Amino acid sequence: MLKKNIKLMNITAFCLVILVGCSGEMIKNQIVFVGIDYTTSADTFENGNTDKIKNIVIGVSENLKNSDVLEIHPIHAFTETGIMGKRTAPKLEGNLRDNKIQQQWLEHDIKPFLDEVMSYKFDNYSLAGTNIYPIANKLRNRVEQGYKVSCYIFCDLNQEYDGEDFHEIFDGLKDPIEYASMKVQSLNISDALYGVDIKIFVPGTPEGSQTQENVRRNIKKFWKEFFRLCGSKVTIEDL
């Protein structure tokens with residue numbers, strides 16, 4: 001009888017461990033990571049693109065709750081160290097007041113925050129280049145911190161920093177697939193973004209871009225392969 005009780009206690013303890021582990025996975029906080037290209041070469045703030053970006057970010061923020069995080073980063077010459085800010089979603093009560101709490105957070109916190117983010121003026125030093133790779137490093141940090149990460153990038157995708165210019169590299173000089181493999185290996189980030197959903201929106205205008213016309217296709221190929229090798233699921237579309 002004593003042996004049966006001990007066996008039953010062991011089974012119960014094992015089940016509790018499993019349940020606690022599963023609960024930990026279930027309550028993993030989400031982070032929506034947003035990267036916005038502020039450089040003058042991008043059409044981020046042209047053709048009504050500012051409002052399009054705001055609407056997308058507000059839309060994804062509606063799903064955040066219970067200490068989930070919205071985090072916005074600039075893309076410019078010093079992307080590694082730049083940050084626009086963070087906002088933490090409110091705790092919900094599990095009743096009819098939840099919708100009101102959520103709407104108040106969007107109206108009084110998220111929308112004013114986005115107004116500040118989209119109207120921020122950078123100095124010429126920050127806008128002198130476009131360094132996109134640090135976005136991958138920052139995403140890796142969030143994954144390692146235990147967040148469930150989704151990422152939204154608004155950028156023309158042209159890396160132009162420290163002597164590396166995609167306008168030149170992908171105008172017949174390099175194969176984008178091979179170059180992406182080399183970059184992922186050099187950054188030691190292979191499969192580091194497993195499970196991260198990345199949506200990239202390329203801002204544009206009706207006139208198009210003369211400097212991007214001949215290289216845009218190869219630039220897209222590069223970033224699709226780059227993030228695929230990082231382990232993430234990525235889509236690229238026009239804003």
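Analyst: Two strands count as paired if DSSP finds at least two bridges between them. Strands (E, at least two residues) and helices (H or I, at least four) are DSSP runs, numbered from the N terminus. This is a predicted model, where local features need pLDDT of at least 70, side-chain atom pairs count only at pLDDT 80 or more, and totals for chains, interfaces and linings use all residues. Residues are numbered from 1 along each chain as its sequence is written, and side-chain values use heavy atoms, with hydrogens and water left out.

User: Fine. What is the strand order in the open sheet of 6 strands?

Analyst: The order is 3-2-1-4-7-8, and the pairing is mixed. Strand 3 (85–88) and strand 8 (233–238) are the edge strands, each pairing on one side only.

User: How many bridges join strand 1 to strand 2?

Analyst: There are 7, between residues 30–37 and residues 69–75, and these two strands run parallel.

User: Which strands does helix 2 touch?

Analyst: Helix 2 (residues 49–61) packs on the sheet against strand 1, strand 2, strand 4 (148–154) and strand 7 (197–202). Contact here means heavy atoms within 4.5 Å. The direction of helix 2 makes about 170 degrees with that of strand 4; axes are lines fitted to C-alpha atoms, for helices over the stretch in contact, and angles run from 0 to 180 degrees between N-to-C directions.

User: And helix 7, which strands does that touch?

Analyst: Helix 7 (residues 216–229) touches strand 4, strand 7 and strand 8, and its direction makes about 160 degrees with that of strand 8.

User: In what sense do strand 4 and strand 7 pair?

Analyst: Parallel, over 5 bridges, with Cys151 opposite Ile198 in strand 7. Strand 7 and strand 8 are also paired in the parallel sense, over 6 bridges. Lys199 has Thr235 of strand 8 as its bridge partner, and Val202 stands opposite Asp238 in strand 8. From strand 7 the chain passes through helix 7 to strand 8 in a right-handed β-α-β crossover, meaning that, with the strands pointing away from the viewer, the path from the first strand over the helix to the second runs clockwise.

User: Now the holes. What volume has the largest pocket?

Analyst: About 230 Å³. Its lining has 14 residues, and the closest to the centre are Tyr38, Thr39, Thr40, Phe45 and Leu127. On a 1 Å grid over the protein atoms alone, a pocket is an open set of points with protein on both sides within 12 Å along at least five of seven lines, a cavity is a set where a 1.4 Å probe fits but cannot get out, and lining residues have an atom within 4 Å of a point. Points are joined across faces, edges and corners, and a volume is the space filled by probe spheres set on them.

User: What lines the second largest pocket?

Analyst: Among its lining residues are Asp43, Val202, Arg216, Arg217 and Asp238. The volume of this pocket is about 170 Å³.

User: How many cavities of 30 Å³ or more does the search find?

Analyst: The search of the whole structure finds 1. The lining of the largest cavity includes Ser41, Asp43, Asp156 and Arg216.
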